[in-house]
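Welcome! Take a look at it first, and then read on.

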Protein chains: 2
Amino acid sequence: MDLEQFRTHAHELADWMADYLKEVESLPVRSPSIPRAIISRLPVSPPLEGEPFERILSDFQSIILPGMTHWQHPSFFAYFPANSSPPSILAEMLTATLGAQCMSWVTSPAATELEERMMEWLGQMIALPPTFTGVIQDTASTATLCAILTAREHYSFHTINQRGFTDGVTYTAYCSTEAHSSIEKGIKIAGLGKDHLRTIEVDEHYAMRPDILARTIRDDIRNGYRPLIVTAAVGTTGSTAIDPLRPIGEICREHDVWLHVDAAFAGSALVLPEFRWMIDGIELADSFVFNPHKWLLTNFDCSAYFVKNVEALVRTFEILPEYLKTTEGTRVNNYRDWGVQLGRRFRALKLWFVIRSYGVSGLQNTLRSHVRLAQKLAGHIAESGTFELLAPVPLNTICFRYHPAGITDDQALNALNARLLETLNATGKLFLTHTKLSGKFTLRLVIGQTNVQQDHVTRAWDLICETARTLG
Amino acid sequence: MDLEQFRTHAHELADWMADYLKEVESLPVRSPSIPRAIISRLPVSPPLEGEPFERILSDFQSIILPGMTHWQHPSFFAYFPANSSPPSILAEMLTATLGAQCMSWVTSPAATELEERMMEWLGQMIALPPTFTGVIQDTASTATLCAILTAREHYSFHTINQRGFTDGVTYTAYCSTEAHSSIEKGIKIAGLGKDHLRTIEVDEHYAMRPDILARTIRDDIRNGYRPLIVTAAVGTTGSTAIDPLRPIGEICREHDVWLHVDAAFAGSALVLPEFRWMIDGIELADSFVFNPHKWLLTNFDCSAYFVKNVEALVRTFEILPEYLKTTEGTRVNNYRDWGVQLGRRFRALKLWFVIRSYGVSGLQNTLRSHVRLAQKLAGHIAESGTFELLAPVPLNTICFRYHPAGITDDQALNALNARLLETLNATGKLFLTHTKLSGKFTLRLVIGQTNVQQDHVTRAWDLICETARTLG
């Protein structure tokens, strides 16, 4: 493919892209594909000779597209969204074309310096104290792993990196029973052992109970453990429960324990001043992560990780072989030393495009509208008589179940709601997922796709009511 | 930005992209930017109101572009390339538009099944034994970390994930003195301790010496250590030295040690049958990584990680919270359990576009041409009289230095060559980097950008000769 052919095809795709985003609503949200239906249509061996682009694009449309779950469909209410936006997609086009690998300052100064500035912008937008410094990670899983490793090194005086676990200290970690699986994953990777991760009981709102955290930490100290890190959730994955940062932070400061705040999804809501109560006490934290790729209109992947002690972070990861040595010294950041991976995409560009295109007020308007839609629907559910909310709705994640009169057995309700979920998703008209709250099978409906409007929510609610009635 | 505006801008960018790739040769390869020159032109705070796209694009061109190091410039000879190609960029446009998060099969069946097939294609293309199963990771750093963690769990009978390092065993790891920094990083992250990473002496070709590896492992066993993992390099970063897999593999099998093969860069050359000698003995390995994003015309990031024991890999990383439970069972892969991150971009699409657009023979032709150019230049250097090769050139990485008659002192030569490197790079006409080999400051010239031709290499060599003469 020469560059003039590339130009032609890029124009074809420009139209395809705009058409796709326009028509995505007409596609089934969750792919109706059955296991192995796609792969069975793909040749078992690669072609020896090149094929014309037309054939590849045509196969993309006929084989791949029906196998996609459409995350940018406005009726995608599943998981947490990974929303994007036109300016973000445009930036990704440029990032792909530049094809720069941004591991060090010299490998693209603009990528490094734009990243530094964008993280400052984000910090201001979500009202983080200026004592925090940011860096882009790929995902919150990686950012949380960075926090765990930095805590491990900081509190072991950087001896575990050097000598392994030879100091005879057994470190313990803490999160709520509702915390994200990435914490357990990070604890395992770091060699701390799942047995030393204490999952702290939650209150009736699914938020961590500081009194139990304090007691557990004290017990651990008495039993000879060294409490290392507490991960507080600002917005759990199940129900966006908000762990109370201030009392948790005070406990951490009292016992000199690292406090990491996982606000992967809900952190974007901090662009709205009315939600800043969620991080009251943030000055007591050591690190904080949220994902602009979830709810801030920025393409996956783009996770914003903030730390107070940059030196501890860099000292945890820095390795300087000869072939990476450069001469700019401490005047520049070399972000390869700020995380797990050496190679890095130019991710700051899409943040710049998104923030400038919408402006802070444009982003605020979008997020406020999502929250408003969710609050209204939550009201309908609460008043319905046949459905019930199963958790508070602080933001835009609604946890509920169908609970018709006459059925009181939780097991029967669980089976009924599992059936309801599958029936709904099979329509292709919307996509919800589930969780379990206090043993109850819970439908989760998250209103966060960039283009979701009242109309989509109304149709979803109508379909849910109607489908539920047919199930009994 | 509504969708019609998006369409318009996407078309503008389609032209910008084709123009950029056409004109990139006229830009300085390494950015001439000085530290903080870019960031000082970026407002310290985000805009409150949205800005028109024209202004953003114009700032991109005037502020960001001069701060880029142009990795897709054919005279980019630095590091290892991160080459791309028109079909890969087109695929990235689609990936960004779909905006799918491909953590589980259900979150996009096509992404999962295409990934499975593409890894089968790649395995066949590089002649890996079919006992290996592949998965896409972001970078080789992450893949190597996966290998270390899987080895840790496999040989600790999955107890370290559970209990931490409480079994009283001290594990040791091995790589050559020339191995990549990601190995040390992974050893640290996994909690094994840098002190337990043995760096094995290399021979005169910078390849690991199996006799010393065998002796070191035996000594470690005698001293009560448990040898865990050997990472062999097929193509070291310094000079693409090839560690001899077969004798290393035999030692690993004798002592039941995990053998991981890091072929991050050189692995792409295995599409050429004449280079398959590099992995003679691969059947003795447990895992293997190479990066199509380095030298197989596929945009960064896309690292292909192959393992024999998928069950051990998945068991190392799998965590199944309620909100991720699905119903397809073992009929499908859920790649979230095959690595560190939960979230995953749709990376298989660009592999599909690249392999089909070029065909295996097209990719072979491109790589062969790079190797041929490098071999020819290496010949010129060897015959020059004033330059000398400092390492064998098995592929397309040339390690050399200027060594004019009369200077015999290595320190003087090091200073001279450092000056030569900086003088060359400051011209903007090419970009080389350096390493140290046996204490000698070594210029590295890697011929691997997609569009590099004889002409670029000739001009580079002329400029190197000419510049060297002016320095003395």
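Among the contacts in chain A between residues at least 6 apart in sequence, 74% join residues at least 24 apart. Please keep in mind that this is a predicted model.

**Overall build of chain A**

- Chain A contains 14 helices and eleven strands.
- Along the principal axes, its C-alpha atoms fill a box of roughly 70 × 60 × 45 Å.
- A compact globule of 472 residues would have a radius of gyration near 23 Å, and the 24 Å of chain A agrees with that.
- Of the 472 residues in chain A, 60% are buried.

**The seven-stranded sheet**

- Seven strands of chain A make an open sheet with mixed pairing, and their order is β1-β7-β6-β5-β4-β2-β3.
- The edges are held by β1 (133–137) and β3 (197–200) of chain A; each has a single partner strand, so one side of each is left without a neighbour in the sheet.
- From one strand to the next, the twist averages 20°.
- In general, strands of a sheet pair through backbone hydrogen bonds, in either a parallel or an antiparallel way.
- Strands β4 (residues 226–233) and β5 (residues 258–262) of chain A run parallel and are joined by five bridges.
- To trace this pair by eye, look for A:I229, which stands opposite A:W258 in β5(A), and for A:A233, which stands opposite A:D262 in β5(A).

**A closer look at β5 of chain A**

- Five of the five residues of β5(A) are buried, so this strand is largely enclosed by the rest of the structure.
- A:W258, A:H260 and A:D262 point one way from β5(A), while A:L259 and A:V261 point the other way.
- Both of these groups are buried.

**The four-stranded sheet**

- Four strands of chain A form another open sheet, in the order β8-β9-β11-β10, and here the pairing is antiparallel.
- Its edge strands are β8 (387–389) and β10 (433–437) of chain A, each of which pairs on one side only.
- The twist in this sheet averages 40° from one strand to the next.
- Five bridges link β10(A) with β11 (residues 440–446) of chain A, and the two strands run antiparallel.
- In this pair, A:T433 stands opposite A:R444 in β11(A).
- Helix α13 (residues 410–426) of chain A packs on the sheet, where it touches β9 (397–402), β10 and β11 of chain A.
- The direction of helix α13 of chain A makes about 35° with that of β11(A).

**How chains A and B meet**

- The contact between the chains takes 123 residues from chain A and 122 residues from chain B.
- On the side of chain B that touches chain A, helix α1 (residues 3–23) of chain B gives the most, with 14 residues.
- Sorted by class, that side of chain B has 59 nonpolar, 38 polar and 25 charged residues.

**How the two copies are related**

- The same surface serves both copies, as 100% of the contact residues of chain B recur in chain A.

Note on methods. Residues are numbered from 1 along each chain as its sequence is written. Chains are lettered from A and ligands numbered from 1 in the order in which they are written. This is a predicted model: local features need pLDDT of at least 70, side-chain atom pairs count only at pLDDT 80 or more; totals for chains, interfaces and linings use all residues. Two strands pair if DSSP finds at least two bridges between them. Axes are lines fitted to C-alpha atoms, for helices over the stretch in contact, and angles run from 0 to 180 degrees between N-to-C directions. Two residues are in contact if their C-beta atoms, placed from the backbone, lie within 7 Å. Ala, Val, Leu, Ile, Met, Phe, Trp, Tyr, Cys and Pro count as nonpolar, Asp, Glu, Lys and Arg as charged, and the others, Gly among them, as polar. The radius of gyration is taken over C-alpha atoms; the globule rule is 2.2 Å times the number of residues to the power 0.38. A residue is buried if 20 or more other C-beta atoms lie within 10 Å of its own, exposed if 12 or fewer, and partly exposed in between; C-beta atoms are placed from the backbone.
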